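Hello,

Here is the structure I promised to pass on. My notes follow below it.

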Amino acid sequence: MAPDPEALALLAGRRVVAELRAAQRRRRRAAIALAGGGTPRRLYRLLGTLRHGGLNGLQAERPLVDWRHVEFFWTDERCVPPDDRHSNYRLALETLLDPLGVPEYRVHRIAGELPPEAAARRYAAELDRVLGGAPPRFDLVLLGLGADGHTASLFPGDPALDERRRTVVPAQAPRPPRDRITLTLPVLTAARRALFLVSGSGRSEAVRRVLVEREALPATLLRAGAARIRWLLDRSAASRLPGLLGAD
Ligand code: 6PG
């Protein structure tokens with residue numbers, strides 16, 4: 001568990017680097033699915049400094065990750081244009097991809113500007129082209145947690161949560177931007193590693209419901225899957241955990 005959001009971003013940054021380095025040692029190329037929302041912003045900014053070898057000022061003796069051989073995907077996207085302030089793609093482009101100099105051919109965004117079904121099919125085809133596999137396997141998936149226990153854009157009660165055949169589907173959020181595109185549970189669960197990054201007291205009850213009560217919430221369902229899952233929490237998000245179980 002990290003004492004505050006800044007320390008959480010540094011902890012997460014080190015874990016992201018470790019996972020991508022391990023993946024590149026195994027297969028030279030690594031594939032990551034980025035989380036959306038607000039929490040990852042600090043993490044992406046921190047990772048964005050790695051182009052010049054530093055992680056929060058700790059200069060690395062050599063590049064930690066070969067960013068030219070990382071395939072960047074997203075766990076989900078809002079159905080908005082790529083330059084919209086709500087776009088998960090825009091968040092990562094500005095804080096992570098541009099600062100790292102990631103080549104465009106390694107960036108596989110969800111076309112939020114298209115009609116939802118067309119966007120879902122296009123993204124599923126890109127996943128299949130780049131990763132293949134049934135379902136495609138990410139080396140690392142970054143995830144947030146909503147106050148209602150949603151993750152990616154898999155919301156309680158939404159049919160997208162029950163999809164087991166398709167890899168990408170349209171989804172509905174309970175608040176704007178309502179139209180979303182999301183990876184489905186089989187893809188998220190197939191990941192070699194999933195990192196939940198959760199910050200703030202506003203998420204503490206959801207964390208307790210998932211990690212302690214194990215209520216049948218979207219994030220819990222992922223937890224029940226095969227993926228090796230780590231929860232990275234700051235003190236506020238972990239504040240309702242008895243003895244801070246289950247948290248880094
Ligand atoms: C999104 C995310 C969503 C997010 C959670 C937590 O597109 O909004 O995919 O699942 O991770 O809602 O959001 P915060 O990080 O803003 O708390």
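A salt bridge here is a side-chain nitrogen of Lys or Arg within 4 Å of a carboxyl oxygen of Asp or Glu. The model is predicted, so local features need pLDDT of at least 70, side-chain atom pairs count only at pLDDT 80 or more, and totals for chains, interfaces and linings use all residues. Residues are numbered from 1 along each chain as its sequence is written, and side-chain values use heavy atoms, without hydrogens and water.

Salt bridges

The structure holds 18 of them. Glu113 pairs with Arg109, with 2.7 Å between the closest N and O atoms.

Asp139 meets Arg26 at 3.5 Å, N to O. Asp139 lies in the loop between helix 4 and strand 6 (140-143) and Arg26 in helix 1 (residues 5-27), so the pair ties together parts 113 residues apart in sequence. Helices (H or I, at least four residues) and strands (E, at least two) are DSSP runs, numbered from the N terminus. Asp139 is buried at 3%; Arg26 is partly exposed at 48%. Arg26, Arg27, Asp139 and Arg192 form a salt-bridge network.

Three strands make an open sheet, order 5-8-7, with antiparallel pairing. Pairing takes at least two DSSP bridges between two strands. Strand 5 (76-78) and strand 7 (168-172) are the edges. Three bridges join strand 5 to strand 8 (residues 179-183). One of them links Asp76 with Thr182.

Best wishes

Notes: Buried means under 20% relative accessible area, exposed over 50%, partly exposed in between (1.4 Å probe, protein chains only).
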